[in-house]
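Student: I would like to learn how to read strand pairing and disulfides from a model. Can we work through one together?

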Amino acid sequence: EAQLVQSGGGLVQAGGSLRLSCVVSGFSVDGECMGWFRQAPGKEREGITAICASDGSIYYDDSVKGRFSISTDVGKNTVYLQMNALTPEDTAVYYCKAVQVVIQGGSWSLRPHGFSTWGQGTPVTVSS
């Protein structure tokens, strides 16, 4: 079965950095678009970034653009999320998932792909 195992979360001060990892088994990260979602307390889960290795397309939500960076290492079959300049508003549980990127009317959104399970979730807490 496909499995996504996350690591790298934790507690960090505002302005600090963290890198999340998502190690994938059961399928290749270069064969699907891969995305990161986050869910803050009391809020819905939202897609914040995605990467499609097939054509090199990368997508960022405005809330993280310029601060977060998504990447893949095909040899390690791993997806990373580098998070810089963190703020308390970034506090959430972060999830990796294979996704479909839906583009319509000049905007984009992420649709969870049934091809994979969700990662188990990694809590990130940013203190002020």
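Predicted model: local features only at pLDDT ≥ 70, side-chain atom pairs only at ≥ 80, totals over all residues.

Student: Now the open sheet. What is its strand order?

Tutor: First the general idea: in a regular strand, side chains alternate between the two faces of the sheet. Here, the open sheet has 4 strands in the order 1-3-8-7, with antiparallel pairing. Its edge strands are strand 1 (3-7) and strand 7 (68-73), and each pairs on one side only. From one strand to the next, the twist averages 15 degrees.

Student: How many bridges join strand 1 to strand 3?

Tutor: There are 5 bridges, and the two strands run antiparallel. Strand 3 spans residues 18-25.

Student: On to the disulfides. How many does the structure hold?

Tutor: The general idea is that a disulfide is a covalent bond between the sulfur atoms of two cysteines. This structure holds 2 disulfides. With the bonded cysteines numbered in sequence order, the pairing is 1-4, 2-3.

Student: Where in the chain are C22 and C96?

Tutor: A disulfide joins C22 to C96, with an S to S distance of 2.0 Å. C22 lies in strand 3 and C96 in strand 9, 74 residues apart, so distant parts of the chain are linked.

Student: Are C22 and C96 buried or exposed?

Tutor: C22 is buried, at 0% relative accessible area. C96 is buried too, also at 0%.

Student: What is the handedness of the C22 and C96 disulfide?

Tutor: Read the torsion about the S-S bond. For C22 and C96 it is about 65 degrees, so the disulfide is right-handed.

Student: And which strands hold C33 and C52?

Tutor: The C33 to C52 disulfide has an S to S distance of 2.0 Å. C33 is in strand 4 (residues 33-39) and C52 is in strand 5 (residues 46-52), 19 residues apart. The torsion about the S-S bond of C33 and C52 is about 110 degrees, so this disulfide is right-handed.

Student: Why does C33 count as buried?

Tutor: Buried means under 20% relative accessible area. C33 has 18% relative accessibility, so C33 counts as buried. C52 is buried at 5%.

Terms used: Residues numbered from 1 in each chain as written. Heavy atoms only, no water. Pairing = 2+ DSSP bridges. Axes fitted to C-alpha atoms, helices over the stretch in contact; angles between N-to-C directions. Disulfide = S-S within 2.5 Å. Buried < 20%, exposed > 50% of the residue type's maximum accessible area, 1.4 Å probe, protein only.
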